[in-house]
Amino acid sequence: MASLERRVAIDAARAAGHLLKSELPGSRRIAYKGSPTNLVTEMDARAEELIVGRLAAAFPDDAVLGEECGATAGRSGRRWIIDPLDGTTNYAHGLPTFAVSIGLETDKRVELGVVFDPNLDELFVAERGRGATVNDRPLTVSTAATLDESLLATGFPYNIREAKDNNLTEYAAFSVRARAVRRMGSAVLYLAWLATGRLDGYWELRLGPWDVAAGSLLVEEAGGRVTNLTGGALDIDAPALVASNGRIHDAILAVLGAIRGGGPT
Ligand code: IPD
Ligand code: CA
Ligand code: CA
């Protein structure tokens, strides 16, 4: 990966993160994306404009997929995948648990991932084949070998009130098998924290490409494993995800398989 892409992505993630943090204490204009639990604030759009503006200026031939602005075509075979504010519900409530995520895909494989948490001032970077770092320190996943000693995380779909397949059965099952299950409202941070070894495993039934692009590369480059819910390859355009330190991966898949059918593939 040329250092220009890495540098531009890092600068954009930092700038967006600092903007979000500086505006956190302000009052929010909240809108709803289709359901009363799916919030969006004006800061999601402002952070995304900042990021997309910088990427488009530096790499005009690349495609862009942003959570708020959607897809813009390119002709280079590369695609930037952006979550300008992961943890919008936290943000809207003034809770300082959110992050900025930028991934760069080449020929449908994520090659670069950058995540910035402005509240802990942690910058996570991964390049395929070159490892993952937090604030330039190398990252390695945890060594937990059983669910019993594992700290897991999950999230729920925004249509939790209507959807039958809403993760509550899975949440109950893991809650009595793991040391604990956390639910902190940022898929991007779960993946980054998994890469650091702070979490041992994470699953979620329905996510967006922007939730997983950068973070899944962080986990893999830190030595962990990322799959779909049955152990197959993650579909980045419609992600249903299991991520772990590798050691407890099959145990997570087995619990999901017992509830949902379809075992590890
Ligand atoms: C959401 C968060 C949440 C996860 C949802 C995501 P957003 O992203 O990552 O933890 O459970 O599935 O959509 O809307 O805050 O960018
Ligand atoms: Ca998100
Ligand atoms: Ca978002």
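This is a selection-by-selection tour of a predicted model.

Residues are numbered from 1 along each chain as its sequence is written, chains are lettered from A and ligands numbered from 1 in the order in which they are written, and side-chain values use heavy atoms, with hydrogens and water left out.

**Stop 1: the domains.** Colour 3-138 as domain 1 and 147-260 as domain 2; these bounds come from an automatic or database domain assignment. Over C-alpha atoms, the two centres are 20 Å apart. Domain 1 puts 39 residues into the contact and domain 2 puts in 24, where contact means heavy atoms within 4.5 Å.

**Stop 2: the largest nonpolar core.** Select V115, F124, L139, L191, Y202, L218 and L241, which touch the most other members of this 36-residue core. A nonpolar core is a set of buried Ala, Val, Leu, Ile, Met, Phe, Trp, Tyr and Cys residues joined through side-chain atoms within 4.5 Å. Buried means under 20% relative accessible area, exposed over 50%, and partly exposed in between (1.4 Å probe, protein chains only). Elements giving two or more residues include β7 (109-117), α5 (187-196) and α6 (209-221); helices (H or I, at least four residues) and strands (E, at least two) are DSSP runs numbered from the N terminus. The most come from α5, with 9 residues.

Now centre on V115. Leaving out residues up to four places away in sequence, its contacts include A99, V100, F124, V188, A192 and L218. A separate core of 29 residues has V8, V52, L55 and V125 among its members.

**Stop 3: helix α5.** Select 187-196: 10 of the 10 residues of α5 are buried. Among them are Y190, W193 and T196. Just past the end of α5, G197 has a positive phi of about 90°.

**Stop 4: ligand 1.** Which residues are closest to ligand 1? They are D86, G87, Y158, A187 and E204, out of 16 that surround it, with a heavy atom within 4 Å as the criterion. Next, show the polar contacts, which are pairs of N or O atoms within 3.5 Å. Oxygen atoms of ligand 1 lie 2.9 Å from a backbone N or O atom of T88, 3.1 Å from one of S186 and 2.8 Å from a polar backbone atom of A187. Of the 380 Å² of accessible area that ligand 1 has on its own, the protein covers 93% (Shrake-Rupley method, 1.4 Å probe).

Terms used:
Predicted model: local features only at pLDDT ≥ 70, side-chain atom pairs only at ≥ 80, totals over all residues. Polar contact = N/O pair within 3.5 Å; in protein donor to acceptor, adjacent residues only side chain to side chain.
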